[in-house]
Amino acid sequence: MDWSKIKTIFIIAFLLLDVYLIYEYVKIKEYQRADDSTTEPPTQTLSRLDIKYDKEKLPVNNQKDQYLSAKSKKFTDDEIKKLEKGLLSGQEIIVRDSIYLQSVLVEPISIKEEFSPDDLTDFLLNSVLNGSEYHFWEKKGNTIKYYQQHSGKTLYRNPKAELTFNVNEENKIVSYNQTYLENIKEMDEEELIIQPLEVILNLFKNNFIESNSYVSFVELGYYTQLDTSAQLLAPTWKVTVNEEDFYVNALDGQVIQPETEEMKVE
């Protein structure tokens, strides 16, 4: 048995353990510093933690909001026949489960290699049902995704308020899929919402982001809280930190994790 090698392995292992313990100690001290500063303005706390953000890009005048209820639009055969003769002329329409509209374009639409949402503005306004209510989300691979908005606020990652264009290998849009929420109503009275800087600080306290982070984008929209025969939509902050998006309920501070659709209680 080579005791010198074993001794070396133990020394390296203990050094690694020491490094890990130091790292955890520093993290704990940072959390304590954040927790101990309850009377300190969030701006000062974030500054001490070296969490940067662009003040000019932070939303202002968002003091109150409320939960919304909504239902999926059901497309009827009679309605589709009328649309095919009017707004959706030049499109072959199929409806699945009464709420999923699938359109195949008789004449595909060419788009630029470097896609810009402006390229589809005319088509949205003139050839898509309620097209003006959808907001560009992303172009990823061979799909271009939009989500519905309500009062200028996006219904985040909502599969029942979604418009997805399908692009072929020739860089032409050949079809799209659409869902739409209607009968959107405000629930109860408006409530005070958590402000952006407090949301950022809570993300740190709950170990979602670290010190020395950069917050590049903050926006208020809605995220599905409950989806049964109707949807319950919660006012939600979308916060982009180091190119990663976080969704935080603006009323109760819960962090939504889209990958599992589970909620982490603050």
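This is a short tour of the structure in your viewer, one selection after another.

Before you start, note that the model is predicted, with local features needing pLDDT of at least 70 and side-chain atom pairs counted only at pLDDT 80 or more, while totals for chains, interfaces and linings use all residues. Residues are numbered from 1 along each chain as its sequence is written, and side-chain values use heavy atoms, with hydrogens and water left out.

**Whole protein**

Show the cartoon first: the protein has five helices and 17 strands. Helices (H or I, at least four residues) and strands (E, at least two) are DSSP runs, numbered from the N terminus. Of the 266 residues, 41% are buried; buried means under 20% relative accessible area, exposed over 50%, and partly exposed in between (1.4 Å probe, protein chains only). Take the contacts (heavy atoms within 4.5 Å) between residues at least 6 apart in sequence: 60% of them join residues at least 24 apart.

Now select α5, residues 196–205. Eight of its 10 residues are buried, so the rest of the structure largely encloses this helix. The buried ones are Pro196, Leu197, Val199, Ile200, Leu201, Asn202, Leu203 and Phe204. Just after the helix, click on Asn207, which takes a positive phi of about 70°.

Next comes the largest nonpolar core, with 26 residues. Such a core is a set of buried Ala, Val, Leu, Ile, Met, Phe, Trp, Tyr and Cys residues joined through side-chain atoms within 4.5 Å. Highlight Ile51, Ile200, Leu203, Ile209, Val215, Trp237 and Val239, which touch the most other members. Two or more residues each come from α5, β13, β14 (231–241) and β15 (244–249), and α5 gives the largest share, six residues. Stay on Leu203: setting aside residues up to four places away in sequence, it touches Phe208, Ile209, Val239, Phe246, Val248 and Val255. Apart from this core lies another, of 24 residues, including Ile80, Leu105, Val128 and Leu163.

**The cavity**

Where is empty space left? Rolling a probe the size of a water molecule over the atoms shows this. A cavity is a set of points, on a 1 Å grid over the protein atoms alone, where a 1.4 Å probe fits but cannot get out; lining residues have an atom within 4 Å of a point. Searching the whole structure gives one cavity of 30 Å³ or more. The largest cavity holds about 40 Å³ of space, where grid points are joined across faces, edges and corners and the volume is the space filled by probe spheres set on the points.

To see its lining, select Tyr53, Asp54, Lys57, Leu58, Val215, Ser216, Phe217 and Val218. Strand β13 (residues 214–227) supplies the largest share, four residues.

**Serine 103**

Move to strand β5 (residues 100–110) and pick Ser103. Is this serine buried or exposed? Ser103 is buried, at 1% relative accessible area. Its side chain makes a polar contact with the side chain of Gln91 at 2.7 Å. That term means a pair of N or O atoms within 3.5 Å; within protein, one must be able to donate a hydrogen and the other to accept it, and residues adjacent in sequence count only if both atoms are side-chain atoms. Beyond four places in sequence, Ser103 is in contact with Gln91, Glu92, Ile93, Val174, Ser175 and Tyr176.

**Leucine 87**

Finish in the loop between α3 (77–85) and β4 (91–96), at Leu87. This leucine is partly exposed, with 29% relative accessibility. Leaving aside neighbours within four places in sequence, Leu87 is in contact with Asn126, Ser127, Val128 and Leu129. The C-alpha atoms of Leu87 and Leu129 are separated by 7.3 Å, though the two residues are 42 apart along the chain.

Technical notes:
1 Å grid on protein atoms, 1.4 Å probe; cavity = no way out; pocket = protein on both sides within 12 Å on 5 of 7 lines; lining within 4 Å.
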